[in-house]
Amino acid sequence: YKTLYYAKGNAVKQWQYSFDTKYLSATDVLATVGSSQAVVSAMDLSSDHQELYVAYYEPAESGLNGHLSILDTETGRLLRQYDNICYQPVKMFYKKK
């Protein structure tokens, strides 16, 4: 609960809370998704906080332009990728199996 994840364009950024870095000026880019024109529109954490689900769309693509990247929260490494699964995503939710 001490890490804030947010997006700006196609960059997924993280901010680690501490008394020294109370402001968002000390942020790190965890990963980038898609092309440079991609827009992140939704994010969610897994219940164990090990995976970050990042939904984004590519404005230049037609049809199903929505994509989902699943990133490791520690390293930003891409774990899984699902392409062209929907139109511009606006919200995500997942269901336990």
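The dialogue below takes up the labels one by one.

Guide: Note that this is a predicted model. The protein has zero helices and seven strands.

Visitor: What is the pattern along the sequence?
Guide: The protein reads β-β-β-β-β-β-β. Of its 97 residues, 35% are buried. The accessible surface is about 6,600 Å², with 52% belonging to carbon and sulfur atoms.

Visitor: How do you know that S1 and S2 pair?
Guide: Pairing needs at least two bridges. S1 and S2 have six bridges, in the antiparallel sense. Therefore they count as paired.

Visitor: Why are S1 and S3 said to stand at the edges?
Guide: The three strands form an open sheet in the order S1-S2-S3. S1 (3-8) and S3 (28-32) each have a single partner strand, so one side of each is left without a neighbour in the sheet. From one strand to the next, the twist averages 30 degrees.

Visitor: Why is Val40 called buried?
Guide: Buried means under 20% relative accessible area. Val40 has 15% relative accessibility, so it counts as buried. The residue is found in strand S4, residues 39-45.

Visitor: What is in contact with Val40, leaving aside neighbours within four places in sequence?
Guide: Its contacts are Ala7, Gly9, Asn10, Val12, Val33, Val54, Ala55 and Tyr56. Ala55 is 15 residues away in sequence, yet 5.9 Å away in space, C-alpha to C-alpha. Val33, in turn, is in contact with residues including Asn10, Ala38, Val54 and Ser69.

Visitor: What makes the Glu51 and Arg80 contact a salt bridge?
Guide: The rule asks for a side-chain nitrogen of Lys or Arg within 4 Å of a carboxyl oxygen of Asp or Glu. The side chains of Glu51 and Arg80 meet at 3.3 Å, N to O. So the pair passes. The pair links distant parts of the chain: Glu51 is in S5 (residues 51-57), Arg80 is in S7 (residues 78-86), and they are 29 residues apart. By this rule the count comes to one salt bridge.

Visitor: Which residues make up the largest nonpolar core?
Guide: The core has 11 residues in all, among them Tyr5, Val12, Leu30, Val40, Leu52 and Leu71. S3 and S5 each supply at least two residues. The largest share, three residues, comes from S5. A second, separate core of six residues includes Tyr53, Ala55, Leu68 and Ile70. In soluble globular proteins, nonpolar side chains tend to be buried together.

Key:
Residues are numbered from 1 along each chain as its sequence is written. This is a predicted model: local features need pLDDT of at least 70, side-chain atom pairs count only at pLDDT 80 or more; totals for chains, interfaces and linings use all residues. Side-chain values use heavy atoms; hydrogens and water are left out. Helices (H or I, at least four residues) and strands (E, at least two) are DSSP runs, numbered from the N terminus. Axes are lines fitted to C-alpha atoms, for helices over the stretch in contact, and angles run from 0 to 180 degrees between N-to-C directions. Buried means under 20% relative accessible area, exposed over 50%, partly exposed in between (1.4 Å probe, protein chains only). Accessible areas come from the Shrake-Rupley method with a 1.4 Å probe; for residues, only the protein chains shown count as cover. Contact means heavy atoms within 4.5 Å. A nonpolar core is a set of buried Ala, Val, Leu, Ile, Met, Phe, Trp, Tyr and Cys residues joined through side-chain atoms within 4.5 Å.
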